Every structure is written in C-alpha cells, then in structure tokens.
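Morning, everyone. One model today, and I'll keep it quick. Have a look first, then we'll go through it.

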Amino acid sequence: MIFDLAIIGAGVVGLSIAKSCSELGMSVLVLEQETRSGEGISSRNSGVIHAGIFYPTGSLKSKLCVEGNEMLYEYALLKNISCKKIGKYVVASEDQELDKLRQIYNQGNLNGATLTMCSKDEITAFHPDLRLAGAMYSPQSGIIDVPELITALEGDIQHNKGIISLNTKFISAEKLNDHFKISCNDGNDFDIKAKVLVNSSGLASEVNSRKIHSLDSKYNYPVFFAKGHYFKYSGNHPFSSLIYPLADEFSQGIHVGFDMSGQLKFGPDINWVDDLDYSFDESVKDNFIKSIHKYWPSMDPNKLQPDYVGIRPKIQSPNEKMRDFLILDSKDHGVDGLINLQGIESPGVTSCLALGTYVASAILR
Ligand SMILES: Cc1cc2nc3c(=O)[nH]c(=O)nc-3n(C[C@H](O)[C@H](O)[C@H](O)COP(=O)(O)OP(=O)(O)OC[C@H]3O[C@@H](n4cnc5c(N)ncnc54)[C@H](O)[C@@H]3O)c2cc1C
C-alpha cells in the first residue's frame, strides 16, 4: 500500500496536519517515536491561546496565529475541550516603557488583533497590588487544555481512518519515482511508502531533515534549543487574566499564566542549552523574583515552587532576531511531495489548526 501522506511527529502540529488532510480524504499515517502523542514540545508550554499581537505583520506567525486563535476556540467548543478566554494584559511597569507598549499596540492592530489601551488609573483600579505605568488589554487571549486538544485531534484522525503509529521511530527517507520509501523502527526495522512526506518533528526537525536523503542540506536549518523554566505560586494573588511584561526579540518575558485548574504559574525564562535536558535549574529563581517584582512588588518569593521546563526549537541563534515559522515545499527545495517544518515555536499551539489547513493546501497545490 502507498499512503497519500506520512507525517513525522504526533505533536499538536503533526496531528492538526493529519486531521486536515484526512478530512480531505487522504490516507494518512503519523509516525510517533514516543508511547503517546504530544510528549514533545506540545506537553511543555504555557497553554496560552495567543491573539497574534507581537509578530511582524505578514509573517506566518502573525497570520496563522490570528486565524488559529478563532479556529481553536471554535474547535474547543465543538469538542468540549476545556478552555477559558480570560484575556491578557500586556504591561509597562515604567514610564519609559510606554513608547514600546504603544508600538506593540500598533503592531497588534495591524495584525488584526482586538486591543484596548488602558490608562494607569484604569488598571490600578482593577489591580491595586500591581505597579504599572500603563497596559493594553487583549480580550481574545486565553488558555486551553493541550492534552484534551491532543485527544480530540487523535479522535478526528482515527474517525477519518488515519493511523497514528506510536512507538514508531522515523529512521530515514528516500525519494523514488512517485513516492518516498520511508524506513521506520518499532522494535523491528520496516519500510512504508507514501506519496507525500511531512517532517513535523519539532525539536528533532534538523536531525530528521538530515535523514531525508533527497533534501539538499542547505534547506535544513540548524535548530537551537532555548530552555524555559516555570515556577508555580502557592499563595493568594490578585490575578484573573494573563499578565505579560513587554516582550523582547527572544521571548515574551516571564509572564503570569494559569493551568486549567486555576493554578498560578510564572514563566518561561530563556536559557540557551546544547542538549535536550529537562532538568530544573533552581538558580534561575533570583531572576524570576526580580522580573515579577517589577510588576508585582508584594509577591512572596517563598511561595514560588519549581514546576516544569519546556524547550523551544529556535532556528535563529542566540543573538539573531526572531525568525518566522519555516515551512518549505517543493517550490523552495525542489523535492516533489516533501514539506519540511522547522522553528515551530510559540505560537504553535494557537496556530496548530491553521497550520493544518495551510499544509493541506500546500499539498493540494
Ligand atoms: C516554553 C514554551 C512555551 C510555549 N508556550 C506556548 C503558548 O503559550 N502558546 C502557544 O501557542 N505556543 C506555545 N509554545 C509553542 C508550542 O508549544 C509549540 O509550537 C508546539 O507544541 C509545537 O508542536 P509540534 O507538533 O511542532 O512539536 P512537538 O510537540 O514537539 O511534536 C513533535 C513530535 O515529533 C516526534 N518525533 C521526533 N523525532 C521523531 C522520529 N525520528 N520519529 C518519530 N517521531 C519523532 C516527537 O516525539 C514529538 O512528539 C510554547 C513552547 C515552549 C517551548
């Protein structure tokens, strides 16, 4: 049998591509090396549904985030996935940050995000404990239960007769006339055939691209690992919405977030690492305290407890500016039927359904 499509990676992105393509009637096989879906980046993030405020207008990040935001809320409603549209304040804690806040507001408006500027008085009336010079409010931002999202995507794929093959590692691929010969291992070596191959393997995208023998290495970007820690907070707090300090080129800052049970958490920070090492470095706590005290001076450091870490798959090196999602197809690299995804960092959860339809359209072209 020749599958219409094989996808490497059952994270939210690979699964969303499989959902879109199986809905179009394609026979789909998803290869996942772990024992269940979503064990990579998709299980170690903030779970925030972003509104598409920060990304350069016209970038895939901006377009797919704005589209994906709406699609994700609709899908969550349809599938009964826990999610809450709790809104987000982007805050300037010093007067000298107000110009930057205004720039981000203009950027968000250009991208099509709905935003309201709030004066210092309006904010402190709601949040008297916070030290703020100004803020803007994004009502479209929220949080979602990512494991529930993954289960819903799996259900849709299986309903459309797609196959998710767990414990199955992609080893290599070779383009033959009209299909790829794909070597896998599930304890034993075996080959499958597919007309289209999508590499959606997150942190391993560079390693796996190298094993697609027909792809010229100049189209394979090095992936840099940027680790982020999260602390949970055990005491009372004044927050009911997400709070984001001003973002820089590399991350969105140590922000206030929640899981679906309402547990308050702070993070992620950013630390460039060489290996996929998920150990928690408690020495980063001082940096968290300093960052949080900038906007919440009465936060009690004793109530901050280490929670978890996540690793971003960046395709820019530590000193370079943010790069866009990289989705290369045959018109870019010349290999018919190959779609290679790299640098699918935030807002990858928000954008996943839009990424799914984007890749499905690229396959149909
Ligand atoms: C700290 C952090 C915070 C974030 N916060 C947010 C947020 O709040 N909102 C948001 O929208 N986005 C956020 N993101 C981004 C989002 O989590 C990712 O963009 C998204 O989860 C990427 O999904 P994926 O499917 O591309 O990758 P993954 O979930 O990593 O899936 C890739 C899969 O490929 C599998 N794989 C790899 N190699 C092989 C192989 N050889 N054979 C078979 N399988 C293989 C892996 O096991 C893995 O399951 C955050 C990311 C991080 C790191």
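Start with the ligand. Domain 1 (2-50 + 147-221 + 323-364) and domain 2 (88-139 + 224-314) each give at least three residues to the shell around it. Those domain bounds come from an automatic or database domain assignment. A caveat before more: this is a predicted model, where local features need pLDDT of at least 70, side-chain atom pairs count only at pLDDT 80 or more, and totals for chains, interfaces and linings use all residues. Residues are numbered from 1 along each chain as its sequence is written.

Which residues come nearest the ligand? Gly9, Gly11, Gly40, Gly202 and Gly348, out of 42 around it. Near means a C-beta atom, placed from the backbone, within 6 Å. By class, the shell has 15 nonpolar, 20 polar and seven charged residues. Here Ala, Val, Leu, Ile, Met, Phe, Trp, Tyr, Cys and Pro are nonpolar, Asp, Glu, Lys and Arg charged, and the others, Gly among them, polar.

Now the domains. Their C-alpha centres lie 31 Å apart. Domain 1 puts 12 residues into the contact, domain 2 puts in 13. Contact means C-beta atoms, placed from the backbone, within 7 Å.

Last, a helix pair. Helices are DSSP runs (H or I, at least four residues), numbered from the N terminus. The axes of α1 (residues 12-23) and α5 (residues 146-159) come within 9 Å and cross at roughly 30°. Axes are lines fitted to C-alpha atoms over the stretch in contact, with angles from 0 to 180 degrees between N-to-C directions. So α1 is roughly parallel to α5, a label for angles under 35 degrees.

How values were computed. Two residues are in contact if their C-beta atoms, placed from the backbone, lie within 7 Å. Helices (H or I, at least four residues) and strands (E, at least two) are DSSP runs, numbered from the N terminus. Angles under 35 degrees count as roughly parallel, over 145 as roughly antiparallel, 65 to 115 as roughly perpendicular and the rest as oblique.
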